[in-house]
Amino acid sequence: MGDCDHHHHASRRDFFRRGFGGILAGASILEEACFRASWARAQARAATAHLFDVEKVAEGVFAALPKPAVLNNCNAAIFVLSRDVLVVDAHSTPSAAAALIAQIRKQITEKPVRYLVNSHFHWDHTQGDAAYKKANPQIEIISSGATKQLMSQLQRDRLKAQLETIPGLIDQVKMRRSYAKTARDRDWADDQLRQLAAYQAEMSSYPLELPTVSFDKTHVIKDAAGDLELAFNGKAHTAGDVQVFSASKKVLAAGDTIISMLPNINDGYPRPWPKTIDTAAAWKFEKIIVGHGSVQHGRERMGQFRNYIEDLTARVERARQAGTPLEDLQRSITPGSLGTLQAGGFGSWVAENLDKYAVYLGDKTPLEERLAGNVSAVYNNLGKS
Ligand SMILES: [Zn+2]
Ligand SMILES: [Zn+2]
């Protein structure tokens, strides 16, 4: 972990909780330096035309890893079937989804996307649904019943709340721009402003597109190239996470139930989550396309991620039973004090992924910040089963 990882910043955490990357008003000099370094890397990556890096995972299976954007985009998993294509997850805007559809056609196959899976209800995985529907009106949008319900209950309100935070973010970036000392900093601010305005304009008249097919436990897509098995294996990151398994390609698309970062537990179920991963682990896969961060080769990181959730949950549970207040817990549970973050270099691998793949600069929450967020989420969600 670099020096960048040791600095906490309240406003940054607040933005992250709202689902934005931080804008870092009043950040320390050191953070500024780290931030600039991140931005230089991001600019280098953004220099190419595409929104996503497409990575071949197996024959006919691809992962689309998003380049940094002001608002988060998830990974997509792309399974090329004998006549058409199944995509897992639809990003945060119709325009981002449309960009991936175009990229699939150009770089992978001209077969139509016939199936879109919403792995769970979160905005960064579902707000692009309308673009898929527009590209192919016959498309099946598939989710668990719980996800469909959560989308219809929460999505409009959550987006509305998120849009309400954007004017404040714009003000902060403008303030930051007025302090900028270099052309690069001004360019950074201008790019943020452009992206925030574009998101605001696009999403203020947002066409909510709900799944057209939903199921409780399992759903199979039959195909001559090898069936795809969709399953709800138990509560985890949300109440309705779906995972997609290809037995013939030995690939799992995990949504946010397994990511190459610390988990997001804000809507999560910390107690059943490890068991849900164990259930999925009965499938014979060798590679995992996760919801965020690098594709996992082998099962080692999945196991570490699972153990981390179990370890953290047990520790928070004991402290809670002993009456320890949340603030004390957040102070006492540090990366160094959690064996499962140290084991096998899991914590430093997570930090690397945050640096490399966090979609928006401010999303590169230092490990400590992510951990503190996880502690409070586990604390609040312990009772959920
Ligand atoms: Zn996500
Ligand atoms: Zn999510």
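"Buried" here means that a residue has under 20% relative accessible area. Everything below comes from a predicted model.

**View 1. Four protein donors sit around the zinc ion (ligand 1).**
Look for Asp124 (OD), His125 (NE2), Asp256 (OD) and His292 (NE2), which lie 2.1 to 2.5 Å from the zinc ion (ligand 1). The angles between these 4 donor atoms run from 87 to 164°, so the arrangement counts as irregular. Along the chain, the donor residues follow the pattern D-H-x130-D-x35-H. Histidine 125 belongs to helix H4 (residues 123-126), while aspartate 256 is in the loop between strand E11 (251-255) and helix H8 (273-281), so this pair ties together parts 131 residues apart in sequence. Histidine 125 is buried, at 0% relative accessible area.

**View 2. The zinc ion (ligand 2) has its own set of donors.**
This time you'll find His120 (NE2), His122 (ND1), His237 (NE2) and Asp256 (OD), at 2.1 to 2.4 Å. Here the 4 donor atoms subtend angles of 89 to 173°, which makes the arrangement irregular. Their spacing in sequence reads H-x1-H-x114-H-x18-D. Histidine 120, in the loop between strand E5 (113-117) and H4, and histidine 237, in the loop between strand E9 (228-231) and strand E10 (243-246), link parts of the chain 117 residues apart. With a relative accessible area of 0%, histidine 120 falls under the 20% cut-off, so histidine 120 is buried. Histidine 237 is buried too, at 1%.

**View 3. Aspartate 256 coordinates both zinc ions.**
Zoom in on the gap: the zinc ion (ligand 1) and the zinc ion (ligand 2) are 3.3 Å apart.

Terms used. Residues are numbered from 1 along each chain as its sequence is written. Chains are lettered from A and ligands numbered from 1 in the order in which they are written. This is a predicted model: local features need pLDDT of at least 70, side-chain atom pairs count only at pLDDT 80 or more; totals for chains, interfaces and linings use all residues. Side-chain values use heavy atoms; hydrogens and water are left out. Donors are N, O and S atoms within 2.8 Å of the metal (3.2 Å for Na, K and Ca); water is not among the atoms, so sites may look incomplete. Four donors count as tetrahedral if all angles lie between 85 and 135 degrees; four count as square planar and six as octahedral if opposite donors are over 155 degrees apart and all others between 65 and 115; anything else is irregular. Helices (H or I, at least four residues) and strands (E, at least two) are DSSP runs, numbered from the N terminus. Buried means under 20% relative accessible area, exposed over 50%, partly exposed in between (1.4 Å probe, protein chains only).
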